[in-house]
Amino acid sequence: MKKIILLLLIFTSFIYANVKSTDTFLQESSEIYTGKTFPATIVNQIVLKNNGNPIAITSNGNFVFDGKDWVTCTDKVDIDVDNKDINFPKEYGQILSNVEFNNKMFVGTEKGLFVFENNNWAKVYPFDEKFSWSLNHVTVLGIDSNNRLWFGSKQGAGVLENGAWTLYTGSEGLPVKQFTCITADKRGNVWFGTESGVVRSDGKSFRYRFSRRWLPDDHVNDIVIDEKGAAWIATNNGVSKIYFAELSYEQKADYFTDQVETRHNRDGFICQNKLFEQYQKEPYRLDISDNDGTYTAKYGAAQVFRYAVTGDKQARELALRSFMACKWLTEITHESGFPARVIIPVDWPDPVNEIYNDAYNKKRLERDPFWKQILPRFVKSKDGKYLWKCDTSSDELAGHYFFYALFYDLAAETEHEKEMVRKVVKDVTDHLIRNGFLLRDHDGKPTRWADFSPEFVNSERGWDQRGLNSMMMLSFLNVAYHVTGDHKYKDTAKMLMDEHNYHINAMQAKMFFPPEDVVPWDNNLCLTSMYGLIKYEEDPELLLMYRESLENAWLHISKQKNALWNVLYAAMTDHFKKTVETGVYETGQVFPESGPFASFTARQYSNADYRYDDIIESLTLLPLDLIGYDMDNTHRLDVVFDPTPGQSPDMGWHYDGYALPIDERGHVRQDRDGFALHAFEGGGFQEQEGTFYLLPYYMARYYGLID
């Protein structure tokens, strides 16, 4: 088996890999001290004792952190007083900031920036290639460890290096202004405190730290950096510690595998947690979602790729456990092959069928005319021990088929295991075919979001799902044929193409207009399903069509900085490139009536436009804390709002045209829209699972993007 895995790795890997799994980076995290964990509210200043422990200066007294708790500080605290012994002309304004730089005194006031040289005070007018400023409200001045002078003013920020200024506004990446304080660390960064968070910069880029993810309150009064490089931040509602730990990418994967196993495993199903106190990881209980099957499948897929690249027996055990859980979803229901969304014990603490009762259905129907009214929504199993959730969607199927094929190819080692995969894939696919290419619920009617029938996708009612659902159905049939070898699935796909144009529909597999019909999780459905469609397609003409469809989808999502989507796209384009390299598109036998179209298009699409840096950035920056926080980026200076007519007013992107970095967005689940500037996922009462790191990481390793 190990020889087979090695051959697969050689066949599927890319030639170059810039980052290794053992490479280390600085993982940024925060600890928040507020409410029960801090004895005051407004912290005016923060200083370090001789032993390095921080002391918080408040109107209620001084408090020192002893390594565990904040306790009353009885020691005398020497507080530096700015502006002492400076003979400064009053007509230039009140001193707001001052610093000595290169043996010259610089002073900031509401009227500008001034320097004392040649026994005179002179006003400084910073300028660079883009700006020339007459400053006002220069509230902060500081010097970094590279001996550069920084200021923060009403106009923006600036740095003086080797006699030349560089000035920053929103169009250069500065997220906010209204500066309150400044300090520097030993790594060449300057830390600005503002009235709306912390801004850190090395002079090339800016990192923005705000919201409860990073701070107890966004109004920052003071920052001090300790010997280990951690920033202690005084705010209007307590103290934050932002610190860094050296991790390798593999160590981060180990952390998230442990996080999933210890905090997100419910009888083999992978799920989010329900927190009893907002933002507090303890206490908690395991929760349910609409898509436990998909989340379990993706975790299983992550473990399959992990096993393929490491041979770790634990990874195979976890992949097998995930497979058995997904398989159970298809066995517990009213009809063979119909996958449930969720399985819970009959004594589940929440009265689910009382919650999802007739009154609930009617209320949902008022705001959603297509809401499926079905009772019960949680059906009792035949043995009476469990409840399973119905109205299963295409999200579930996309996750199942993606996982089943991977498990079959890379992790199923015995004939018995392979036969189990064949059976479950056959059961689900046969259910779809038997019921007219849709999931038929226990009420005898289609589920709302899993209708792949010709009558639906080629109708006016199904126009917005036409391409996606047609493509998904063809993908399911490709996977079924690959796994089972049964030609009826290939014949069924041919019928759908010949009689109902499913392959033509699939060339626009993702809709991006109008905005109200666009949902970001469809990107997951699109790319995970396309993976099976492209990987197992044997007809070069169809493969070329699907590659065009992939490119159309990718043009719309390539700037969202989503690691999984980038890796999926890279894997599929690499597979297509290998097909092109066989020379099949140069034979003149592919679309022969179109002349050079096939050869030209194949060459064009053999190049992959995946964003390698976005993969690494997202894997690096994904926080270890996967609680959802309210993060409203609509106030930022460095964002551009989406001008699309009808678009939500809180949609936009970073000034560089890409989504904001992952640790500055509110979404934790990476099947969300990276361009949503305001997100509040789970209300701070949910912790999500670490699959959002594990799947793209191990898949990137499998395809050679990470060595």
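A: Two strands count as paired if DSSP finds at least two bridges between them. The strands themselves are DSSP runs (E, at least two residues), numbered from the N terminus, as are helices (H or I, at least four residues). The model is predicted, so local features need pLDDT of at least 70 and side-chain atom pairs count only at pLDDT 80 or more, while totals for chains, interfaces and linings use all residues. Residues are numbered from 1 along each chain as its sequence is written, and side-chain values use heavy atoms, with hydrogens and water left out.

Strand β19 covers residues 231-235, and five of its five residues are buried, where buried means under 20% relative accessible area, exposed over 50% and partly exposed in between (1.4 Å probe, protein chains only). Ala231, Ile233 and Thr235 point one way from β19, whereas Trp232 and Ala234 point the other way.

With β18 (residues 220-225) it is joined by five bridges, and Val224 has Trp232 of β19 as its bridge partner. These two strands form a hairpin with five residues between them; in the turn, Gly229 has a positive phi of about 90°. Five bridges also join β19 to β20 (residues 238-248), where Ser240 stands opposite Ile233. This second hairpin has two residues between β19 and β20.

A nonpolar core is a set of buried Ala, Val, Leu, Ile, Met, Phe, Trp, Tyr and Cys residues joined through side-chain atoms within 4.5 Å. The largest has 130 residues, and Phe305 and Tyr531 touch the most other members. In soluble globular proteins, nonpolar side chains tend to be buried together.

Three further strands form an open sheet in the order β25-β27-β26, with antiparallel pairing. β25 (343-345) and β26 (378-380) are at the edges with a single partner strand each, so one side of each has no neighbour in the sheet. Neighbouring strands here are turned by 30° against each other on average, direction ignored; the axes are lines fitted to C-alpha atoms, for helices over the stretch in contact, and angles run from 0 to 180 degrees between N-to-C directions. Three bridges join β26 to β27 (residues 386-389), and Trp388 of β27 stands opposite Val379.
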